[in-house]
Amino acid sequence: MGNADNVYPDTNVERAHRVAIPPPQPFLKSFTASMKETFFPDDPLRQFKNQPPSRKLILGLQYVLPILEWAPRYSLQFLKADLIAGITIASLAIPQGISYAKLANLPPILGLYSSFVPPLVYAMMGSSRDLAVGTVAVASLLTASMLGNTVNANENPTLYLHLAFTATFVAGVLQASLGVLRLGFIVDFLSHATIVGFMAGAATVVCLQQLKGILGLEHFTHGTDLISVMRSVFTQTHKWRWESAVLGCCFLFYLLLARYFSKKRSNLFWISAMAPLTSVIFGSLLVYLTHAENHGVQVIGLLKKGVNPLSITHLAFGSPYISTAIKTGIVTGVIALAEGIAVGRSFAMFKNYHIDGNKEMIAFGMMNIAGSCTSCYLTTGPFSRSAVNFNAGCKTAMSNIVMAFAVMITLLFLTPLFHYTPLVVLSSIIIAAMLGLIDYEAAIHLWHVDKFDFMVCMGAYVGVVFGSVEIGLVVAVGLSLLRVLLFVARPRTMVLGNIPDSVIYRSVDQYPNANNVPGILILEMNAPIYFANSSYLRERISRWIDEEEDRVKSSGETSLQYVVLDMGAVGNIDTSGISMFEELKKGTERRGLKLVLANPGGEVMKKLNKSKFIDSLGQEWIYLTVGEAVGACNFMLHTSKPKRVAADSEPGSDNV
């Protein structure tokens, strides 16, 4: 960075362009506009404008129940596509549902129940065409971990089951409330890096938990951390069952091989989709024909026939453990919500349509409330099942209805066939599904792009694997919030220089050829000015001035006379920020410098005007652009040299 013989445009003090002060608005009007921008950024009521009452009623019903919008336009061609997709995801939902219910320490039949009622509710209320509803491994693990810390599922299965229903009800109420109150932005605090690390950690923990089934162990640790699992595994080496291990490894190899071929060619997606069900069929036949259950291979056992029994009377609101159920419901509800919305948005982007995040929250909430009353536990939109639905060519949410009816037929007629299904096959299905959640490529990408995001990701992963799922989640969210606080409390400030042969001013770090303007220090602030960062900004600006004066003295250039603050990125300011500007003005005047503002926004100008700071500074020292401010300062420098105030003898005068 150096000086250049640039010709700066002369700008008369009497300028043609003035920075306008927005006209005053009534408090109620501005408050209403602010609330609307916060809670209704998508303007959901726009479609109701200028519509007759009858049309408004129809639009309102379609908004609450999107099925009323697409069902009248439904065609036979759509039905054929959705029928194929629905049957395909049902073949995946049945074994996965049983597997994840076992992971949650719940009766396996609940996994089938949870794939019947919730998809029907979502099909009516959901806005995604591709989301396939069902249970997920992470929520199942969280349920087992958080409820298991208080109630042992083996010693008191009835209480544990009732608490699981209650936690599902709490999660549903939370999700629906967030949607109704338009508080979907809360979920955004789970950043991409947080979700990548948390999901990978949870997948690792889930895989480790399946060593119980793979090795045929009957007693296993209730802890989810790596050390507890490894201790439990290696202190029971004498109880390992080689028959179970061989069977598990064979089926795991088959499942991974099927997924490999499906990834190689997208038209072979059905191989991976059908692999879990074929594993269950082959495993059950093998056990039945060889009587392997008598040789250490554990089986599911009897599953009772019939569709979901009501469980509304089993909600344990009077239980002494209700606080545990509420905590479990809140944590699992938020995680399930984040996963479901992220998956729905991903597939909507591929098909170029929009889904309403708040409507999705209401749909998730209502299906979990209905599920908790019909013997289901927490459901959302899992990625694996939704990917199969997408690749199978689904057209609408009707595929969820088809899946639900396929599960209903299974519940009514086919459940006895699962009696001989080996648990080791379920463990293999879970491991194969979980390995897809360990996205190491995303972690590598985070490392290359943003090291702090990588730290957040690894913090979540390490917290889950070496601590617990709750610890990992707290660590990840804590690191994400820390980053937000650092952005707010320590905003970027930078020195601007003139791009040669132009009136453009940019950061000298980004543009090394940008030249400093003799006698003028130009600074840019890149954040709103609030109480959290006002003191830091005052001290940082003071340090910039000190460094510039030292540089000027050592180089023998024109002494510093003006400090120009580019406020184009300062969207708002509070009273602490205004006080900071008042102190900054006094400090610069003690040094014999003049403070100049450039490009302040409307909200900032309104508050500076109300606080009388503009009168104190002088309207003539506020400019529309940095170029105009520099031109005016240059004009003053070349016509009359202002005298520096000799304040060096005053104690503390060197600080702004």
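A charge sits over a ring if NZ of Lys or CZ of Arg is within 6 Å of the ring centre and within 35 degrees of the ring normal. Select Arg540 and Trp544: Arg540 lies over the face of Trp544, at 4.0 Å from the ring centre. Then select Lys359 and Tyr63, where Lys359 lies over the ring face at 4.7 Å from the centre.

This is a predicted model, in which local features need pLDDT of at least 70, side-chain atom pairs count only at pLDDT 80 or more, and totals for chains, interfaces and linings use all residues. Residues are numbered from 1 along each chain as its sequence is written, and side-chain values use heavy atoms, with hydrogens and water left out.

Next, the aromatic rings. Rings of Phe, Tyr and Trp (its six-membered ring) pair if their centres lie within 6.5 Å; planes under 30 degrees apart count as stacked, over 60 as edge-to-face and the rest as tilted. The count comes to 12 aromatic pairs. Select Tyr122 and Phe364: the ring centres are 5.8 Å apart and the planes are at 20°, so the pair is stacked. Tyr122 lies in helix α6 (residues 117-125) and Phe364 in helix α15 (residues 357-372), so the pair ties together parts 242 residues apart in sequence. Helices here are DSSP runs (H or I, at least four residues), numbered from the N terminus.

Residues in contact (heavy atoms within 4.5 Å) include Leu337 and Arg345 in α14, and Gly357 and Phe364 in α15.

Technical notes. Helix = DSSP H or I, 4+ residues; strand = E, 2+ residues; numbered from the N terminus.
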